[in-house]
Amino acid sequence: MISIHTITKPSTFQFHPKRPSRKPPKTLAPIHALLQYNRKPQLAGDTPRVVVITSGKGGVGKTTTTANIGLSLARLGFSAVAIDADVGLRNLDLLLGLENRVNYTVVEVLNGDCRLDQALVRDKRWSNFELLCISKPRSKLPLGFGGKALIWLVDALKNREEGPPDFILIDCPAGIDAGFITAITPANEAVLVTTPDITSLRDADRVTGLLECDGIRDIKMIVNRVRTDMIKGEDMMSVLDVQEMLGLPLLGVIPEDTEVIRSTNRGYPLVLNKPPALAGLAFEQAAWRLVEQDSMKAVMVEEEPKKRGFFSFFGG
Amino acid sequence: MASIAAVPVRSPSFLPLCFLFLIWNFSHSLTKLRNFRNGLQFWPELGLDCTCKYSNGRVTYRKFVVKAMESDVDSGLRNDAVVIKSSEKDYAERQQKLHQNIVAKLHESVGSLPVFAFPIGKLSGMNFTIGLCIVATMLVVVVKGYAAKGSSDRRPGSVADLVRRGQLRSDRRGISTPLKYEDPFNNPMVKVSKSNSTVEMCGKVYRLAPVTLTDELQTVHQKRRSRAYQWKRPTVFLKEGDPIPSDVDPDTVRWIPANHPFATTASDIDEGLAQTNVYQKHGVPFRIQAEHEALQRKLEALQNDQKLGKLVIDPASARDFERPLKSHMKSENQVEHNISTPKSGSSASPSDHPSGNKPLPEELQNP
């Protein structure tokens, strides 16, 4: 059982009005798992932590989540290896801006054309982050030992000379086909990425069931592409509704952000943006919770109009 | 009809400030007059009714009653004036003096209003100062915004491009900096309210709601999924149309279409060899080594074949290397002559070289 150190002391909020209050005083539970920027997260669990990022439905943001959480982990000081387990449709290298540096893949390693360390692409922005692609497009991988190959890879990464990485993130392909089965084989934990729409939720529920059948019990959820304005107008399910349907603890809530598309075009994950984007902050928080095996205790429900002071006119 | 509106001085939000000051000074002047007359005053000329309450000799609450003038008010005023004139002359004179004093005092009070207390010259200077401050602040805001925008734009050909392309490490250049842990609560983009009920991120304020998922609910969902989804990991991959082996559980068979673009059931790779390749840490990879060795062997074989070929002389081609006898004998004599006189002669010159000597024609040899 992991003990969570509260950042702030539990405080009871009490009214001291000039006039007698009509409502009884409220005592809010401390939301200590909401925002963590005041200390380095403490790594929980056994290293390397093998995490598969899956969703079932395609296009919900698995690859984006893998890239941003991976680089967030690197920024937090942890070594991470991201494996693009999509055999036919490789995308993770594009999001990371490393597409011109991928010369060898796991297929070449299996064939003996290169060693594993030669197939790992080290990010020059953050040297403790590496990328490994399963195969190049238009190459066939025998399905018979796809899962075995990943197990060997993870084992080889554990026993490499510079030490095992802290995290191995596996970007799972969409669907529940052989690629999905291959990707989840070596995983101990799973991050389920979903969007607040019914089609994605149905697929996410199915995938969760399959993961649990395969023995993966530590499954957390990231709700992506959340629009608080639509939630407020009741045109979109709220994050709490999603959680009620799936029954999974929340790792993060990522708001809809146009910066995601720009970062994809640039090959520059948005967690590295300065100033940070809203979605980038959310990814950082999700990475923080992943490290500590924590989950969200509160969600951002709606956007309040900001109370503007006298000096707000000047941009304060 | 005359309408009376009570204007409480105690609630200034209902009145403009300048009007408030005017009324306050009226009351002040009226208080002075009251003290002079030791009684409540009534100024029908002005149409004002002033009732003041005293508290320990100080006015704590004043209430003005503003009476709207009627069209026939002048007649009322005239009647009052007639009443005054009908009294003693001294009293009339005193009243006139009093009125004059009142008017003078009114002028004084108006002139002493703080709103109008600024001299005209100073007023324009103050306005100028205020305007200057506002303009300066706006300029600062604009310049700040422009600077922020300019820093976000990447100048082409700068060092930032090198970092962007991956030629330089950005973690040493401060472009991607690690998070600061020494400064708690120092992230300017994230602000949590003291009550933990709202959070401000990137300039937007969000209300927070606690998560309602409990462990019991989570268990309920897990049980629901275990009932709904029965799945076994496939361990056997077969092409469509292949027979299922007898000892294989049909639930663990995965069927692969024959024309699948990137999935194949053919296992051309030796698993043991593949595993060895994955675990290799040093040296040349297996295939490269194997190819290199094969090439090396081929080269050696070729070299060996060439060597054997050189030892065998073809007799048909040996005749091409034969020389005529005559020339051959003369050349031998010249070589012997050269050998007998090694030091007198210089080194054999190319003209003395037997092969280079052309035999003299017989006419020259025999004069």
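**Notebook: two chains, looked up by topic**

I started at Arg125(A), which is buried with a relative accessible area of 8%. I take buried as under 20% relative accessible area, exposed as over 50%, and partly exposed as what lies in between, with a 1.4 Å probe and protein chains only. The model is predicted, so I note its limits: local features need pLDDT of at least 70, side-chain atom pairs count only at pLDDT 80 or more, and totals for chains, interfaces and linings use all residues. Residues are numbered from 1 along each chain as its sequence is written, chains are lettered from A and ligands numbered from 1 in the order in which they are written, and side-chain values use heavy atoms, with hydrogens and water left out.

**Salt bridges**

I then looked up the partner of Arg125(A), and found a salt bridge to Asp123(A) with the closest N and O atoms 3.1 Å apart. The cut-off is a side-chain nitrogen of Lys or Arg within 4 Å of a carboxyl oxygen of Asp or Glu. Asp123(A) counts as buried because its relative accessible area is 2%. Over all chains, the search gives 21 salt bridges.

I noted another between Arg115(A) and Asp117(A), at 2.9 Å from N to O. Arg115(A) is buried at 14% relative accessibility, whereas Asp117(A) is partly exposed at 39%.

Next I looked at Arg227(A) and Asp229(A), whose closest N and O atoms are 3.0 Å apart in a salt bridge. Arg227(A) is partly exposed, at 33%, and Asp229(A) is partly exposed too, at 44%. I also find one network, in which salt bridges with shared partners join Arg122(A), Glu130(A), Arg160(A) and Glu162(A).

**Rings**

How many aromatic pairs does the structure hold over all chains? I find one. Phe78(A) is in the loop between α1 (62-75) and β2 (80-84) of chain A, and Phe167(A) is in strand β6 (residues 167-171) of that chain, so the pair ties together parts 89 residues apart in sequence. The rule pairs rings of Phe, Tyr and Trp (its six-membered ring) with centres within 6.5 Å; planes under 30 degrees apart are stacked, over 60 edge-to-face, and the rest tilted. Helices (H or I, at least four residues) and strands (E, at least two) are DSSP runs, numbered from the N terminus.

Both Phe78(A) and Phe167(A) are buried.

**Backbone**

The peptide bond from Thr47(A) to Pro48(A) is cis, with omega near -5 degrees. Pro48(A) lies in the segment before β1 of chain A.

Arg225(A), not a glycine, has a positive phi of about 60 degrees. I place Arg225(A) in strand β8 (residues 218-226) of chain A, and it is partly exposed at 39% relative accessibility. Glu234(A) also has a positive phi, near 60 degrees. Glu234(A) lies in the loop between α8 (228-232) and α9 (239-246) of chain A and is exposed, at 70%.

**UniProt records**

In chain A, the unreviewed UniProt entry lists a "binding site" that includes Lys57(A), Val60(A) and Thr64(A). I looked up Val60(A): it is in the loop between β1 (49-54) and α1 of chain A, and is buried at 2% relative accessibility.

For chain B, the unreviewed UniProt entry gives a "transmembrane region" over residues 128-147. I find that span to be 100% helix and 0% strand, with its end C-alpha atoms 28 Å apart.

**Surface of chain B**

Which residues make the nonpolar surface patch of about 360 Å²? They are Met126(B), Ile130(B), Ile134(B) and Met138(B). Patch residues have over 30% relative accessible area and no salt bridge; like charges are joined within 9 Å, and nonpolar side chains (Val, Leu, Ile, Met, Phe, Trp, Tyr) within 5 Å. Areas are by the Shrake-Rupley method with a 1.4 Å probe, and for residues only the protein chains shown count as cover. Ile130(B) is in helix α4 (residues 120-152) of chain B and counts as partly exposed, at 43%.

Technical notes. UniProt positions are given in the numbering used here, feature names are shortened, and annotations may be inferred rather than shown by experiment.
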